[in-house]
Amino acid sequence: MIDPSVFQLICFYAFSAVTIGAALGVISLRNTVHAVLALVLTFFSTACIWLLAEAEFLAIALIVVYVGAVMVLFLFVVMMLDIKQEHIREGFIKYLPVGIIVALIMLGEMLAMIGVRAMHAQVMGANPATVAGMSNTEWLGTALYTQFLLPFEIAALILTVGVVAAVVLTLRQRTGVRHQAASQQVLVNPRDRIRVVKMAAEVPAAPQPAPGKESTP
Amino acid sequence: MPNINDILILLPELYLVVAACLLLLLDAFMKPEQRPMLHWLSVAVLLVAIYLVIAGQPPQAVTAFNGMFVRDGVAEVLKVFALLTTALVFIYAKPYLVDRKLFLGEFYTLTIFAVIGIMLLVSAGNLLTVYLGLELLTLSSYALVALNRDSRLSSEAAIKYFVLGALASGMLLYGMSMVYGATGTLSLANLHGAALHTGMPQLLIFGLIFMVVGIGFKLGAAPFHMWIPDVYQGSPTAVTIFIGSAPKLAAFGMAYRLLASGLGDLSQHWQLMLAVLAVLSLAIGNLVAIVQSNLKRLLAYSTISHMGYLLLGLVNAGPEGYAAALFYAISYALMSTAAFGVILALARAGFECEEIDDLKGLNQRSPWAAFLMMLVMFSLAGVPPLFGFFAKLLVLQAAIHAGMMWLAIVGAVFAIVGLYYYLRVVKVMYFDKPVEGTEIRLQSDASVRVVLSLNVLALLVLGFGWGPLFGWCQRVFVG
């Protein structure tokens, strides 16, 4: 039976190697879909390293937010760039082998993580959450709103700047574009829309059928 | 837990955040023709912030939010001058922005957010605050550079700035993570004690090297200067003037916090690295500037050489050197604002006044503008009675007192080389014949003319009376 701490160390180096290899793949692969898949693998391996360090909340958040949402969006965007339908179908088969390889590596990493947990290996140093007798998430929340309040708020400011910058760089006010003005639509008065006109009935003149010609209404 | 005291210590920053958000809202509900009011309101916001910084200054250095934020004399001086130069930038930039249909409320909001980043950065007491303050500053700057969306040059400059800036931030962060790994602390105050007792000195030095690279990039010191000429030339001049002034104070503040407050114990290691950066910056900045024909590019290379002089002060690694470098950063921020201010004042719709040839015979057409530009050029070159001369003298003195005579000699030699290209601008203005068909005169906006004249004349006045300002710079490093 292998020593738990040795197995943990082996796992750490394996995850790190995969992370670095996949990260190199992201910037060197020519095929954009392959690059995005490599990025998925990078995030997943990083999450595994964080799990080894018992930072469960961060690891899960990374997988749920980045791998689950952001990367899938990236894949959609990258695949949508090739508009033609048949191209997409061709691509699906073409990308399958790389996808399977990435999935297999991820499966291997998951099994290794389960192995580490099953052996009850020691963590890499003192975990502040365990010391404080709290769960990982609870400790993170407490630290974020007390000790690290200022950096947390500055991060919020940075996001605000991101929103302002995105608007100022992309919003174009073109003239001549028709759009709905909801406020004006609500304010409209029914009387302005329909005008009831009273007038004497007109007696049509006696019909004079003209062959091949239609009377205009 | 943070309490009311922490909030009082952070009052100037919190006030600016609230003011920036209010300006953003006000802009959204304002008619375009009311925008000049927003302009003056932004200037007033910055002036009130200067008052809050000075009035609320505690006698001793205090920390807030678990040591994340330090309010001391160094931060006070840097904040006052960062806010002052930004207010000048707002005043100079307005006619230029109006002429180019860039007179947007977001220009003011983003610039104020960048200033908040500067204030947080120079007051940082923790590696996290250093990084986040820097990101707030640089992200706002990227957006400002790209403000003129329809200009290809501007977009190219923004992309270049963004990619290289992200790389530099990555380097800095990597260095910080290694320093954290070696010492186990992110707090700069604890780092000061922990740096000597680490079990992994190699890792610490490795981290230090990456941090110096990050600082070199943010200062724009050679060999990390590649972005400066393109960004200075590509961005609208109204943005160049901001990037060329207040962020230099922030870069000095960052270097001081990281190297002196944090890793001061390793000074014998970083002194030599900074000396190499200084020599390269002096050489590349001054030599490449000689062949420039674009005025903004010339000033960009001049920035690189000036950052070399600033590093000469930091190389000293003692209170004298820090005071000289702080003094140099202030003098450079004021001179750079004035230099770009003159360019902005001479530009008008459809005419950028970017080329040195545009200034031909300026003396015959606008003697006052030529006189102002001449004073700024002499001050940048370091001609005696002006402000720039004493700033150079003090950093050279600091280098000599650090036992680096050779470095001071290199600095003096390149000051003479630099004199050539500054004098060339003066020669073009005074002795060349004006090109037919290029009408050129100062902006008719009275506020620009008055404030610009005061700004330039301040360089002359401070040249004679630099004592009190330098005394202030010295005092903050003694206590």
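How many residues does the contact take from chain B, and how many from chain A? The points below begin with that contact; the model is a predicted one.

1. The contact between the chains. Chain B contributes 26 residues to the contact and chain A contributes 15 residues. On the side of chain B that touches chain A, the elements that give two or more residues are helix 2 (11-28), helix 5 (105-122) and helix 6 of chain B. Helix 6 of chain B gives the most to this side, with 9 residues. By class, the side of chain B that touches chain A holds 18 nonpolar, 5 polar and 3 charged residues.

2. The helix pair in chain A. Helix 1 (residues 4-28) and helix 2 (residues 32-52) of chain A pack with their axes 8 Å apart, at an angle of about 155 degrees. Because angles over 145 degrees count as roughly antiparallel, helix 1 of chain A is roughly antiparallel to helix 2 of chain A. The crossing of helix 1 of chain A past helix 2 of chain A is left-handed. Among the residues that make this contact are Phe12(A), Phe15(A) and Val18(A) of helix 1 of chain A, and Leu39(A), Thr42(A) and Ile49(A) of helix 2 of chain A. The residues of this contact comprise 14 nonpolar, 7 polar and no charged.

3. A helix pair in chain B. The axes of helix 3 (residues 35-55) and helix 4 (residues 73-99) of chain B come within 9 Å and cross at roughly 170 degrees. Helix 3 of chain B passes helix 4 of chain B in a left-handed crossing. The contact includes Val43(B), Leu46(B) and Ile50(B) of helix 3 of chain B, together with Glu76(B), Leu83(B) and Lys94(B) of helix 4 of chain B. Its residues divide into 13 nonpolar, 3 polar and 3 charged.

4. Helix 9 of chain B. The buried residues of helix 9 of chain B include Leu204(B), Met211(B), Phe217(B) and Lys218(B). What covers the buried residues of this helix includes helix 6 (127-145), helix 7 (152-183) and helix 12 (246-262) of chain B.

5. The segment after helix 9 of chain B. Gly220(B), just after this helix, takes a positive phi of about 85 degrees. The peptide bond from Ala222(B) to Pro223(B) is cis, with omega near 5 degrees. Pro223(B) lies in the loop between helix 9 and helix 10 (227-234) of chain B.

6. Phe65(B) has a phi near 50 degrees, a positive value in a residue other than glycine, and is found in the loop between strand 1 (62-64) and strand 2 (69-71) of chain B. Phe65(B) counts as buried because 21 C-beta neighbours lie inside 10 Å. Cys353(B), with phi near 55 degrees, likewise takes a positive value in a residue other than glycine. Cys353(B) lies in the loop between helix 15 (319-346) and helix 16 (362-365) of chain B. With 19 other C-beta atoms within 10 Å, Cys353(B) is partly exposed.

Note on methods
Residues numbered from 1 in each chain as written. Chains lettered and ligands numbered in written order. Predicted model: local features only at pLDDT ≥ 70, side-chain atom pairs only at ≥ 80, totals over all residues. Buried ≥ 20, exposed ≤ 12 C-beta atoms within 10 Å, placed from the backbone. Helix = DSSP H or I, 4+ residues; strand = E, 2+ residues; numbered from the N terminus. Contact = placed C-beta atoms within 7 Å. Nonpolar A, V, L, I, M, F, W, Y, C, P; charged D, E, K, R; others polar. Axes fitted to C-alpha atoms, helices over the stretch in contact; angles between N-to-C directions. Parallel < 35°, antiparallel > 145°, perpendicular 65-115°, else oblique. Left-handed = near helix turned anticlockwise from the far one by under 90°.
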